[in-house]
Amino acid sequence: MIPLRPPNPTDRQSTAPRADAVTPLTESAARSHMSGVCFKIGPPRLVGVEAEWFVHDDRCPDRPVPPERLHAALEALPLGGPDGTSLPSGSRLTLEPGGQVELSSPPADSLTTCVADTRRDLGALRAAFAAQGLRLTGTGTDPLDRPRTMVLDHPRYLAMERHFDAAGPWGRIMMTGTASLQVCLDSGTEDGPHGYRRRWLLAHRLGPVLVAAFANSPLLDGRPTGHRSTRQTVWSRMDPTRTLAPAPDHGDPRESWAGYVLDAEVLCVRRQDDRPWTAPAGMTFRDWLRGAGEHPPTLDDLDYHRTTLFPPVRPRGHLELRMIDAQPGDGWIVPTALVTALLDDPLAADAALAALEPLQPPHGADDPRPPRSDLWCRAAVLATADPALRRAALACFAAADAALGRLPGAERLRATVAAFAERYPARGRCPADDQLDALRSGTRRTPPEEAAP
C-alpha cells in the first residue's frame, strides 16, 4: 500500500527515534537505504490524494481562526473508518503550521474509488466545520490580508521557522500562507511502459503544465502579486537544497535521489528533552554522517530528514507530485484524474511525453533546476496564457481524455476533465483568473466552494 502520510509531526511520540533504528549509519548504508525505500518497484496500481485547505470564518474572515475552534471542529468529526481513527472512508487529517487542514486519502486501487472515497470524507469534513461556522477555502495562497501566525508549537515547526527565517520571508509564507494538492501514484516497474525511470521523467516534465493549468494563487495579503501561482513562486525562492528537483539522474533516479537527500541541509535534530530541535547552520546530512553534529546520525534520523525535503516530485516509495495549487470546491478531482490517466495509461504517457518535448531546453543549456527554471517560472507567472504551455496543456488534456475513455466506469470523470479543459486552458485561463475577476468586481473575498468544475 502507498503510505500517503509520514508519521504525524504534530504527535510528539510519533517522532521519537525507534528502538530498532538507533545504530549509527555509514554513508554507503544511507545511500543504499534511500535507493531501496523511496522507489518501491511493482506494477502501478494505487492512487491517493492529499488536499490542503485554508479555514475561514465568514463572520470575521480577516482574522485567523483560533486553534481551539479548529480543534473543536476536528473533534466533532465522525471518526471511525476502517481503523477506528480515520474518516468514514479511511482518510486522515492533519493540521499544518498556519492552521491549514490537510485531508490525506487512503490508497485506493482505482482512480474512481479514490475520487469516491475522498469526496465522501471531504463531505464529512465540510459538514463538521460548517457546524462550527467555519468554511474550507481551496486556493494556493491565503487570499485575505490577515495575520500569518503559527498555530502549532511542535519543535519540528519551530526549527523549520528558524531555519527558513534565516533566508528571508518565503519559508514563513509557505508554512502559514500556502496550500497544495498532492497526487500520489506508485513508482512503477523496473522496466517497460510502466518503468519507474519513465514515470519519474514524465512527472517532472509534466510539472510546469500542472502549475500552469491549475494555477490558483494570484493573491497574497489581499493583493495581486502578478503571478498566477504565487505559491509556486514562494517555493522557488526557498532553501534550494530541499526544494529544487534533484540533479539530472543520467538514467538512475534512485542514485540521484540518494545524493540529493545526503546533500540537503539538516532542518532539525530531534532531541528527547525540552531543548530546541535547531540544527547547526549549513550542516548537510552528508556532513552529519562525516562527524558534524552532536552525535552520529541513525537510520531513524535519515528517515526523518527525508520528511523535511520538499522537491516538486518526492519519492516516498510512491511518487508524490507536489506542484499543484489547492483547488476550489471539488476542483481537486481534475488534476487527480489528469495525472493518473497520463502516468498509468502507456498510450497517454507516450502522447504526453511527445507534447512536452518542445518545452524542454536545448541539450546542454545551462538552465536552473525546477522550480527555478525559466519554464517553471513562466508557468507560475503566466500559466496557460503562455502559448507554448497552453499548447502542451491542451495536448495533455486530450491524451488524458482518451485514457479516461479507456477506463471502465470513468465516464463522469472524463466529462469533468473535459469541462475544465474547455473552461480554462482552451481559453488561456486558469482558476487564478476567476479570483482576479472576482477581486476586480468586488463580489467575493474568498473563492466559493461552488466554483468547482
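Student: Is phenylalanine 397 buried or exposed?

Tutor: Some conventions come first. This is a predicted model, in which local features need pLDDT of at least 70 and side-chain atom pairs count only at pLDDT 80 or more, while totals for chains, interfaces and linings use all residues. Residues are numbered from 1 along each chain as its sequence is written, and side-chain values use heavy atoms, with hydrogens and water left out. Buried means under 20% relative accessible area, exposed over 50%, and partly exposed in between (1.4 Å probe, protein chains only). Phenylalanine 397 has a relative accessible area of 4%, so it is buried.

Student: Which residue forms a stacked aromatic pair with phenylalanine 397?

Tutor: Rings of Phe, Tyr and Trp (its six-membered ring) pair if their centres lie within 6.5 Å; planes under 30 degrees apart count as stacked, over 60 as edge-to-face and the rest as tilted. The whole structure holds ten aromatic pairs. In one of them, phenylalanine 397 stacks with phenylalanine 420, at 5.9 Å centre to centre and 10° between the planes. Phenylalanine 420 is also buried, at 2% relative accessible area.

Student: Which residues do ring pairs link into a cluster?

Tutor: The cluster consists of Phe214, Phe397, Phe420 and Tyr424.

Student: Where is histidine 250 found, and is it buried or exposed?

Tutor: Histidine 250 is in the loop between α8 (240–243) and α9 (253–263); helices here are DSSP runs (H or I, at least four residues) and strands likewise (E, at least two), numbered from the N terminus. With a relative accessible area of 79%, histidine 250 is exposed.
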